[in-house]
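Please consult the sequence and the structure shown below while reading.

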Amino acid sequence: MNDQYYMKLALDEAEKAKEIGEVPIGAVIVLNNTVISSAHNLREREQRSIAHAEILAIDKACKEIGSWRLENATLYVTLEPCPMCAGAIVLSRIGRVVYGASDPKGGCAGTLMNLLQEERFNHQVDLTKGIEEQACSELLSSFFRELRKRKKHK
Ligand SMILES: [Zn+2]
């Protein structure tokens, strides 16, 4: 399977977030061509600032394989990781990250800074960006468009 295929699975996760009123961000983690975890943003529902798609997916993946090291895994996420998630990715030694849309307000995988490839850390991550970018960013912008519309009507 290729990057587009797995990014579409991440988009499916993002759709699940949207359905429950969460900012639509989804992530999947793939190891040896197998999806070992998938998750979506649950920050509002759980009222947990750390309940980002990537954190939840990393947590599930570690449980799934019984190890905190995810060296050979690839994480697919619809939006560029924030500083917290980029940190968690480095600390779990994830080998590769693929993201869809860039995040000009919080992206720490190349936009504001690049924590994933900071040479002073003891782990660097292979990075591919812009896979299914249009679909990933359209999902987010339509979500915020509808949110603004709803707020106006109130
Ligand atoms: Zn995050």
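Leaving aside its neighbours within four places in sequence, with which residues is L75 in contact? L75 is in contact with A27, I29, E54, A57, I89, I94 and V97, where contact means that the C-beta atoms, placed from the backbone, lie within 7 Å. This is a predicted model, in which local features need pLDDT of at least 70, side-chain atom pairs count only at pLDDT 80 or more, and totals for chains, interfaces and linings use all residues. Residues are numbered from 1 along each chain as its sequence is written.

**Annotation**

- UniProt, in an unreviewed entry, places the feature "active site" at E54.
- The unreviewed entry also places "domain: CMP/dCMP-type deaminase" at residues 1-119.
- UniProt positions follow the numbering used here, feature names are shortened, and annotations may be inferred rather than shown by experiment.
- The end C-alpha atoms of residues 1-119 lie 30 Å apart, and this span is 36% helix and 21% strand.
- Helices (H or I, at least four residues) and strands (E, at least two) are DSSP runs, numbered from the N terminus.

**E54 and helix α3**

- E54 lies in helix α3, residues 53-65.
- E54 is buried because 28 other C-beta atoms lie within 10 Å; a residue is buried if 20 or more other C-beta atoms lie within 10 Å of its own, exposed if 12 or fewer, and partly exposed in between, with C-beta atoms placed from the backbone.
- Not counting residues up to four places away in sequence, E54 touches A27, L75, V77, P81, C85, A88 and I89.
- The buried residues of α3 are A53, E54, I55, L56, A57, I58 and A61, and what covers them includes α1 (3-19), β1, β2 (34-40), β3 and α4.
- With 13 residues, α3 reaches 18 Å from its first C-alpha to its last, close to the 18 Å expected at 1.5 Å a residue; the expected span is 1.5 Å times one less than the number of residues.
- G66 follows α3 and has a positive phi, near 70°.

**L75 and strand β3**

- L75 is placed in strand β3, residues 74-79.
- L75 counts as buried because it has 29 C-beta neighbours inside 10 Å.
- The C-alpha atoms of L75 and S38 are separated by 9.5 Å, although these residues are 37 residues apart along the chain.
- Strand β3 is mostly covered, with 6 of its 6 residues buried.
- β3 pairs with β1 (residues 26-31) in the antiparallel sense over 4 bridges, and A27 stands opposite V77; strands pair if DSSP finds at least two bridges between them.
- β3 and β4 (residues 96-101) run parallel and are joined by 5 bridges, with V77 opposite Y99.
- β3, helix α4 (residues 83-91) and β4 make a right-handed β-α-β unit; right-handed means that, with the strands pointing away from the viewer, the path from the first strand over the helix to the second runs clockwise.

**Positive phi in loops**

- Most residues other than glycine have a negative phi.
- N32, in the loop between β1 and β2, has a positive phi near 50°.
- N32 counts as exposed because it has 7 C-beta neighbours inside 10 Å.
- E132, in the loop between β5 (126-129) and α5 (133-153), has a positive phi near 55°.
- E132 counts as buried because it has 23 C-beta neighbours inside 10 Å.

Terms used. Contact = placed C-beta atoms within 7 Å.
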